[in-house]
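User: I would like a close look at one part of this model, with the terms spelled out as they come up.

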Amino acid sequence: AVRSMGNSTSRLYSVLAKTLSSSAVSQHQDCLEQLDSARLDPIDPKDLLEECQMVLQKRPPRFQRNFVNLKKNAASNHRPIRVMQWNILAQALGEGKDNFVQCPLEALKWEERKCLILEEILAYKPDILCLQEVDHYFDTFEPLLSRLGYQCTFFPKPWSPCLDVAQNNGPDGCALFFLKERFELVNSANIRLTAMKLKTNQVAIAQTLKCHETGRLFCIAVTHLKARMGWERFRSAQGCDLLQNLKSITQGAKIPLIVCGDFNAEPTEEVYREFSNSSLNLNSAYKLLSPDGQSEPPYTTWKIRPSGECRHTLDYIWYSQHALHVNSALGLLTEEQIGPNRLPSFNYPSDHLSLVCDFSFNQDPDRLL
């Protein structure tokens with residue numbers, strides 16, 4: 001269990017400061033050596049949140065978002081599993097490549113943006129956290145989240161675009177974190193996605209976990225598919241490859257599955273239809289927020305680039321609808337909250353919104369598809 005740091009917040013702040021100061025691949029090992037003894041010492045999440053808020057005291061307060069209750073039947077006899085999906089925006093890309101023309105450079109400073117990211121994670125307290133575009137894994141997220149009780153896994157892109165940016169912090173990739181007090185790792189697979197039989201630059205992590213409370217197995221996967229228009233067939237091929245891998249890992253859907261990711265694909269794309277129609281019997285959790293339960297949100301990312309305004313639905317949490325139930329989902333930011341300059345901003349650290357869902361197991365574990 002995580003214990004309180006009591007009067008040791010100054011020590012915690014020094015560790016937080018160390019994670020802020022490292023900014024290059026060559027510094028990763030030094031940073032890890034500095035944090036090695038501290039990493040074994042658990043952090044009280046309240047203390048870390050207070051430290052983040054101290055760093056952010058000159059910024060506007062974080063946006064308030066509410067959970068929408070989606071569970072219509074009787075309460076489950078076990079605690080829900082909270083899953084958070086988020087493309088956090090790689091620091092190197094935000095500062096060096098993405099050209100957010102309405103976002104002040106000051107808003108992208110890592111020292112503060114990093115605390116905004118942590119504040120969002122700490123606010124929702126996910127049991128499982130799935131992130132994309134992580135380029136500060138070794139010097140920030142692994143050292144801190146491991147001390148919050150998470151088991152941490154990172155799989156970088158083979159040819160990360162972050163490496164093209166001067167003074168980068170290493171490659172970006174997917175990261176998966178789960179609370180060790182709630183789950184046991186049974187199996188883990190790092191998957192380099194293929195398309196047209198060729199290995200690609202996109203990756204996925206798939207882990208089979210055992211829930212301590214129920215004894216039930218399930219698989220959690222995180223991915224980030226190829227970006228940009230004109231690559232629809234490529235994304236479709238990557239999606240097919242990922243589904244084939246997941247069919248094998250879940251023994252053809254015998255093991256319940258949750259897939260989180262930035263698919264870089266609108267619901268009109270073929271890769272979306274592949275996941276919707278897969279033999280794994282997947283549904284998209286955020287469709288359940290719509291009045292008819294059939295429509296995705298109007299946007300999960302909203303930014304302004306030199307080419308114009310980009311408002312798209314690209315991020316999803318897929319789940320085995322025969323085995324899992326969505327108890328609730330976190331509502332999205334409104335257009336008014338996002339503001340005319342869109343994302344990222346002084347209020348919000350990424351150009352993508354975080355998605356958060358609470359899941360419970362259906363009561364009949366042997367129910368057929």
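Leaving aside its neighbours within four places in sequence, which residues is I220 in contact with?

Analyst: This is a predicted model, in which local features need pLDDT of at least 70 and side-chain atom pairs count only at pLDDT 80 or more, while totals for chains, interfaces and linings use all residues. Residues are numbered from 1 along each chain as its sequence is written, and side-chain values use heavy atoms, with hydrogens and water left out.

Beyond its neighbours within four places in sequence, I220 is in contact (heavy atoms within 4.5 Å) with V83, I128, C130, L176, I205, A206, Q207, L209, I258 and C260. I220 is also listed, together with I128, F141, F177, I258, I317 and F359, among the residues with the most contacts inside the largest nonpolar core, which has 70 residues. Such a core is a set of buried Ala, Val, Leu, Ile, Met, Phe, Trp, Tyr and Cys residues joined through side-chain atoms within 4.5 Å, where buried means under 20% relative accessible area, exposed over 50% and partly exposed in between (1.4 Å probe, protein chains only). Helix α5 (residues 110-124) supplies the largest share of this core, eight residues; helices (H or I, at least four residues) and strands (E, at least two) are DSSP runs, numbered from the N terminus. A second, separate core of 24 residues includes I191, A204, L225 and I255.

Turning to the sheet, seven strands form an open arrangement in the order β1-β14-β15-β2-β3-β5-β4, with mixed pairing, two strands being paired if DSSP finds at least two bridges between them. Because β1 (67-69) and β4 (150-156) stand at the edges, each with a single partner strand, one side of each is left without a neighbour in the sheet.
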